[in-house]
Amino acid sequence: MPLHGARAAALLAWVNSTRVCTDPLDDLSQLQDCSVFIGIINKIHRSEEGESVLEQPLPERISFICAFLQKHCKHKSAAENLVSAQKLLEGEELALAKVAVLLLYHTSMSCKSPGDWNEFDYKTQVELASILKFVLDNEESLNENLETFLQRKAPLSSSSASSSSSEEHSPLLSLPYKREVRFLELQKIASSSSSGTNNMFPGPPSSPMGDVMQTPQFQLRRLKKQLAVERENRDELEVELAENRKLITEKEAQITMMQQRIDRLALLNEKQAADQLEPKEMEELREKNESLMVRLHEALKQCQDLKTEKGQMDRKINQLSEENGDLSFKLREIASHLVQLQEALNELSEEHNAALAQSQEKQGQLESELRAALQEKKCSEEKIEILQGKISLLEDQLAKLADCSAQEKGEVMGDILKLEELKQEVSSLAAKGAELQATVLRLEEEKQLQEAALQSERGRFEQEKQQLGGLVASLQSSLSESHRARERLEEDLRAREA
């Protein structure tokens, strides 16, 4: 089954946006040599780890890419089962598309901000957002669902369908009183989660990718991923510290052995001095003793340096452990707040949907009444025109018969009565037409008021949604500070190693 055209084009547009390749690609099959994938991996990590791999044959490149995906997937075996090295070697477009999807997901989790996606057109953003949302919703079952999703429009599960419906048909209106109460609750949640932090953040960008990346689900997944990286770095530092401790222990053992040798030489020196050895032998022993003393001082200095470095490492590890503990606590707190925000947003959506249905029903009634009134007014106007024509005709006939006989005058009196009745009917229809005109004006005014209220509620909902996005950004900043501290620690360690 061929790939879904729009999704394949969106993935290709994202690959070209990384600017890894000199000339833009126009087909997924051009990714077969895997050099572009390796370039994207190097760009994500801001390193040249894969440069040497580019000089290797294609099987080694594929092994490097699979190893990277296995390391950074949620489950280590997921990438191995999801991406087939043999199919990549054969250049199968579906396998290439899978790698592009996983790299897109990892890149958006690692370094992409919502504003970076504005270079894509709206249609491409919609497809990329659908891919990212699909991976978020199907992390546990990508092996079964990703191929179907890339080949055709996959049916949504009940849980993801409700979530997508909530996002695609974003609420615009809700009951005013309930909305005010709910918004106060949201402000309370925001103030409790970001105390001491400036809450005046801009709202999320008006783009599909920005909307997905500002959802609590995506933010929580990114925070968990960053926390896992922090823990991994801490483990690496602890391993390095253990190695340094082992080295110090070995140096101390060497110093102890050298001290024992010096002690033995000192005893031998005393014994030889007592035996009045030859001056030449004494000089050799003295030189050997001095050499051993120099080596002992050097070893002692090296041991002292290692102990100093060990103390610094201990302090850094303790500091990192404290920061990691604080980060874990913040993550749990942020996760709790994000769940509350999501629940509150869901309740707002439900309230809005109910109010929107009610508003649409009322607007439909108003439009039906307006159409009926306009139709009735049109009928009345037509009747008036007909009656006015009859009146004109009768008036002409009465003017001609003004000098006729008495009998004819009697008939003329009958026409006059008929004429009076027509005039009364015209007056009645005119009054009814005026009443219908007033009704039409009233209905049009009610319709305008209804539309104005709906527009006002939409603006209020969008404003609250932007404030929720600002709150998510403020929660994210609490993790960024810890991330910068970790980078400073890594720079200190690299400087010492150099």
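At 39% relative accessibility, Arg286 counts as partly exposed, a label for residues between buried (under 20% relative accessible area) and exposed (over 50%), judged with a 1.4 Å probe on protein chains only. Arg286 belongs to helix H13, which covers residues 279-400; helices here are DSSP runs of H or I with at least four residues, numbered from the N terminus. Asn269 is 17 residues away from Arg286 along the chain, and the C-alpha atoms of the two are separated by 8.2 Å. The model is a predicted one, in which local features need pLDDT of at least 70 and side-chain atom pairs count only at pLDDT 80 or more, while totals for chains, interfaces and linings use all residues. Residues are numbered from 1 along each chain as its sequence is written, and side-chain values use heavy atoms, leaving out hydrogens and water.

Next come the nonpolar cores, sets of buried Ala, Val, Leu, Ile, Met, Phe, Trp, Tyr and Cys residues joined through side-chain atoms within 4.5 Å. The largest has 57 residues, and Trp14, Phe37, Ile65, Leu103 and Leu150 are those with the most contacts inside it. Several helices each supply at least two residues of this core, including H1 (5-17) and H6 (93-110); H6 gives the most, with 12 residues. Another core, of 11 residues, lies apart from it and includes Leu227 and Leu471.

What about the cysteines? A search of the whole structure finds 0 disulfides, a disulfide being a pair of cysteine sulfur atoms within 2.5 Å. The sulfur of Cys34 is too far for a bond, because the closest cysteine sulfur, in Cys66, is 8.3 Å away. Cys34 is buried, at 0% relative accessible area, whereas Cys379 is partly exposed, at 33% relative accessibility.
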